[in-house]
Structures are given as C-alpha cells and as structure tokens.
Amino acid sequence: MAPMIDIEDLHVTFSNGGRSVHAVQGVSFSVEEGESFGIVGESGSGKSTVLKAVSGLIPSESRSLTVNGRPAAERRSKADRRLMQFVFQDPYASLHPRQTVDEALREPLSIHGLDRKDERIEQALAEVGLLPEHRFRYPHQLSGGQRQRVAIARALILRPPVLLLDEPTSALDVSVQAEILNLISRLRQANKLTIILVSHDLGVVAHLCNRIAIMQFGKIVEVVNTADLSAGRVTQDYTRRLIEASRGFVREPS
Amino acid sequence: MSDKLLTVENLNVTYPGRAGVTHALKNASFELGRERLGIVGESGSGKSTMGRAILGLIPKPGIVTADRLDFSGKSLLTNTDRDWQKLRGRRISMIMQDPKYSLNPVRKIGDQIAETCRLHLGSTRKDAEQRSLAMLEAVQIRNPDAVYNQYPHQLSGGMGQRVMIAMMLVAEPDLLIADEPTSALDVTVQNEVLRILDRLVADRGMGLIFISHNLTVVSSFCDRVLIMYGGRILEQCAAKDLGEARHPYTQALIAATPSLDHPKAELATMVRDPAWLL
C-alpha cells in the first residue's frame, strides 16, 4: 500500500530583498494511512514550514511529494485541497472576527459545493463537543478552547483523510489542552485520520503520535518511534538535549 | 538577618464593574524568605496580579487591600509614589515575559541597563557603564561590548531575556519577581536562562517569586510552590512534594499534563468544583 504522504528531498527557500533563507533543507519522510506523525523542534527549525509546504500553502521544491499516491501539483486543485485540512496555532487569529461559527463552517461547504449544509454543520459542531447554541456566536464570544474546537470542526467538515495540525494547543491552558488533545485523538480514531502534528512540546507530540521527527536548522535530525523516544533510545545528541530539557530544570551540584 | 523578606496577609485586589465587584485576588496570604517561591496557575488565576500587587502596579480602578503587606519589616500599603520609586527597580525588581515588549526598541541595550545604575545607585556615567558590562557578562552574554551598543531588535529571544535579567539585577534588589520569564523561549534556551537566574539568586541571597503556568518548570526550579485558581491560593507545598499535592485542582493539573515519561491513552480532564472558590 502506498503511503498517504510521501516526501523526498523537500526544500523551501524564502527570499527577502537580497537575502535568502534556506528554511527547509532536504527533508524526506512518509506517513502511512491512519498514522499520526509528529514533528518537533525549536523555533526556526523549519517544522511549521514543512507542514505549510505539504499543504501547498507555500511554494516548495522536492524530488517528489505525493499525497494519497498522486503527485501534488504546485497549485493544488480543489480535489487536492479536500484531501487535507489545516488547524493553526492561534484560533483567534485563524477565525474571521466578523464571521459567526455558522458562517465559518458554511464557507468550505459552499466552496466545495456540498449539499445538506445545515445538517453537516450541526453534525460537525456535535462532533467537536460544541452545543447548538454556539452556532451563531462570533469568535470573541467563545473561550480559547471553544475557538479551537471550531477550527477543528471547520477542518473536518470536508471529511478530509489528512489533518495537519500546527501547534494546536500551545495557546491554551493545560486543562483545556487536555480536552483538545483528547478530542483530536478521539476524532482520529473515529474517522481513521492521518495526522501530521507540529509542536515544540515533546509531551504533546508523544501523546498523539506514533512516530516523531526531530528537526533542527531546517533538517530532520532523526525519526524515532514514541516508545523509543520515551525510553531515551535515540542516537542524536540534540534529541537527547531536547528530552532532558523538557523534563525540567536540573540544578548544578554546588 | 531576618529571614522574612515579604509577609502577605489577606491580600485582596478588586475591580469594581457594572456587574458587581470582580475579585482578581481574594484573601491571599503567604510568607517569603530568601528562597525561590513558585506561583502556578492557569490564565485568570491571579498569579500575575499577585506580582503586580506586591509592586504597587495595580492600575485604577483596581483596589488593593490587605491586613498586612510587609516588605523587610515595612508596610507597602502606605507607600507614596515617591516611596515606590525608591523601591521599584532598586529593592524589588520584576522581569516580564517577553523582552520584545519590555525593552525600549529605540534605545541601546547598554544605555537601558546603565540608566538603572544612574537612577538607583547614583553611579557616574563611567561607573554605570562598567557595572552594566559586568552584568551583561554575568548573564553569560559572550561579547558584552558589542551587545552594549546594540538595539533590542538585533537580539534573539534568549539574549533579550538575559538583558532583561541583567537590567533587573544590576541594582542588586532583595526581591525579584519573575513573571513567566522563560515562557517565550525554546526549552533548551529556557534552561540556560533558568540556570543563570538560579546562580545569581543564590549568589546574591535574593528572594525570588517565580510566576509560571508550567508545572514542570516550577516544580524542578523552585523550593516552594503556591497553586492559584480563581484569585485564590488553593495550596502551598514544597516543590518536591508537588506530586503528592492534596488539592483536587493541583492533582487535576498534573494529570492533565501530557508527559513523555508517563504516557497515558487519555488525559484526565478537569471537573471544576465551585467549592474551590468559596
């Protein structure tokens, strides 16, 4: 069976005036159908850029980039876009402040010409644990957790096989983060979703993902499965440093 | 030397509003010696309000009342603006979360640190410069002379936060309040900054109030921890005993945190009990 997402030698370069930044330098990985793949790294490591390149939000170069067995064109068709949907970090920034929840959810349905819009909207809201009364509210009338639920509902309303998540919980409190992570893992099982999750938090990635790529300076340092990561069975120093740092502060012996 | 740096008894911060009075802080009491005290809580728990109230920085129409709010034996409640000026930045300093918003973008780093020396220590220009350079070195900035003449936008987040620490510590305060000092930083940088803070606090015998939403950081860095929720201090315990915390909220916070070392299929979600706020 062909992997759901297969990337070989991905490069992304941003040029700004005379300077250019080689943000992603030859990244390759593949994600099987139904797998959840994590990418961790610190700021500037290129992790979010990889995700944007996969979704076609920014131009990239690669030897091959296939989604569901088909090469992804630089300009994605509507059908391509229906294959994968994106959830961003800050739900307040990614929801239109003057659109109600209903309008936000209706838009992808109209773009893709789907029928039974009301039914689908109601169902999407129920799936992410929102109540019918939330449907006609504006983003500012919702809490941070509720907003992120709307963003997830909007992503899933097209029933995409692939869900891309860029730091979906880093703007949220721990208790709300737990609810959203549980929601994502429940939806993943119910809909047999393939997931790529980007985060700086090793705990979050390990909680949701089977396999994890560690990125630094635009390259993948190593790819490990979660059990090996928790057990510290890693080969690279940088990964070890990340694991140690995420366990908290260690006082030097005085 | 007395061990009590700060005594807080029944500290209240209230904001009057159309829908009644909001208690941002309700009957908070604790004592601080020359130690590292962590304050943990989620957004809206009142942890930052606590830091600001101690520094007299609650904006109008906020009202601060307390049975006692003593800093090294002297009440802060009767302070005039002039008293506060002598205290802030000199004996009590505060480090904010994001250096991007706390440093003046159009002034050189060195001048901003030197200003503290000239204002609070009455240093001469020459002396202020020397102290600032020494302080930049103490926070492990590799080329202090170059950084002295740079502007904030030329620094990375980690460097900026070190500059903030340098600026706050150059007047050698007795109490340092750090409000989420490392939350905007990468984990590996975070630990370097914590290490610098830790050493300076230990060497100079300062008291430290460390405000954070991150349980892992607080429990590994601090001596003692206050857990806050809805403007109340729910629990106080030694940081190393946080795992055996008794309050259901603290337990729920720990259970809700995804951990690399203790993977669980489902994270525990919190059932908030209105009784916690009584």
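I started with the contact between the two chains: chain B and chain A bury about 2,700 Å² between them, 53% of it on carbon and sulfur atoms (buried area is the accessible area, with a 1.4 Å probe, that two parts lose on being put together, summed over both). I noted that this is a predicted model, where local features need pLDDT of at least 70, side-chain atom pairs count only at pLDDT 80 or more, and totals for chains, interfaces and linings use all residues. Residues are numbered from 1 along each chain as its sequence is written, chains are lettered from A and ligands numbered from 1 in the order in which they are written, and side-chain values use heavy atoms, with hydrogens and water left out.

Next I looked up who takes part. Chain B brings 31 residues and chain A 28 residues (contact means heavy atoms within 4.5 Å).

Then I checked for charges that pair up. The rule finds two salt bridges across the interface (a side-chain nitrogen of Lys or Arg within 4 Å of a carboxyl oxygen of Asp or Glu). One of them joins Asp198(B) to Arg251(A), at 3.0 Å from N to O.

I found two cavities of 30 Å³ or more in the whole structure (on a 1 Å grid over the protein atoms alone, a cavity is a set of points where a 1.4 Å probe fits but cannot get out, and lining residues have an atom within 4 Å of a point; grid points are joined across faces, edges and corners, and a volume is the space filled by probe spheres set on the points). The largest has a volume of about 60 Å³, and its lining includes Arg70(A), Asp80(A) and Met84(A).

Technical notes:
1 Å grid on protein atoms, 1.4 Å probe; cavity = no way out; pocket = protein on both sides within 12 Å on 5 of 7 lines; lining within 4 Å.
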